[in-house]
Amino acid sequence: MPLHFSRLIAVLLGLGLGAPCLAQQPLAAASTPEERPDIDLYALMSGSCRTVKVDGREYPCRTVAFFHSEKGRAHFTVALDDPADDSHIIAFSGVNGRRSIQNVYELPIDRMLLNSKHRPKVDGIPVPAAQSSSGFCRQVGNFAMLRVTSVTCSAKDDTGRAYELQFVSDGTPITLRRVRQTMTNAAHDPYQ
């Protein structure tokens, strides 16, 4: 795996998890709930962005990912191909996402997560700024079948900046990972 792609995955995980971790293996349980990662599922999608706009400026994208938390918050995260900033990432974030019909997932957006090389870092990974927003994302496809056809998102933050995403899959199955914590007391493990 090329070094720049490995770094991109680490930054995406940092954005999705709030703290870096390797999601492909079970995580050791932390001593307090605040120390535990909140993400329980992430999906990396292969394809192209027909449109990515941030406040009217268009960007190509490097990758699109979906993160879901144990508490129900979800993010469609886009790593922008910005030659001036290799940490330029936006995420459309919301709660109460639901499947409206069999292969359509809809997520109301209540905040944008904005990341750049200028953000403060935790363990070397920039921490995103959260900007109150309103909008909507729609994903066509089915994670259980490892297929996503498209993702469209549109949001406007409380300062008036607009964000737009139109992603189309190249047909490659998504990479789907569940993040599972190891527990010292198996009776509290929701996955057993």
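Which side chain meets arginine 73 in a salt bridge?

A: Aspartate 110 does, at 2.9 Å, N to O. A salt bridge here is a side-chain nitrogen of Lys or Arg within 4 Å of a carboxyl oxygen of Asp or Glu. This is a predicted model: local features need pLDDT of at least 70, side-chain atom pairs count only at pLDDT 80 or more, and totals for chains, interfaces and linings use all residues. Residues are numbered from 1 along each chain as its sequence is written, and side-chain values use heavy atoms, with hydrogens and water left out.

Aspartate 110 lies in strand E9 and arginine 73 in the loop between E5 and E6, so the bridge ties together parts 37 residues apart in sequence. Strands are DSSP runs (E, at least two residues), numbered from the N terminus. Arginine 73 is buried at 14% relative accessibility; aspartate 110 is partly exposed at 30%. Buried means under 20% relative accessible area, exposed over 50%, partly exposed in between (1.4 Å probe, protein chains only).

Strand E9 also holds glutamate 106. A network of salt bridges links Arg98, Glu106 and Arg138. The closest N and O atoms are 3.9 Å apart for glutamate 106 and arginine 98, and the distance is 3.8 Å for arginine 138 and glutamate 106. Arginine 138 sits in strand E12 (residues 129–142), 32 residues from glutamate 106. Glutamate 106 is buried at 15%, while arginine 138 is partly exposed at 35%.

Key
Helix = DSSP H or I, 4+ residues; strand = E, 2+ residues; numbered from the N terminus.
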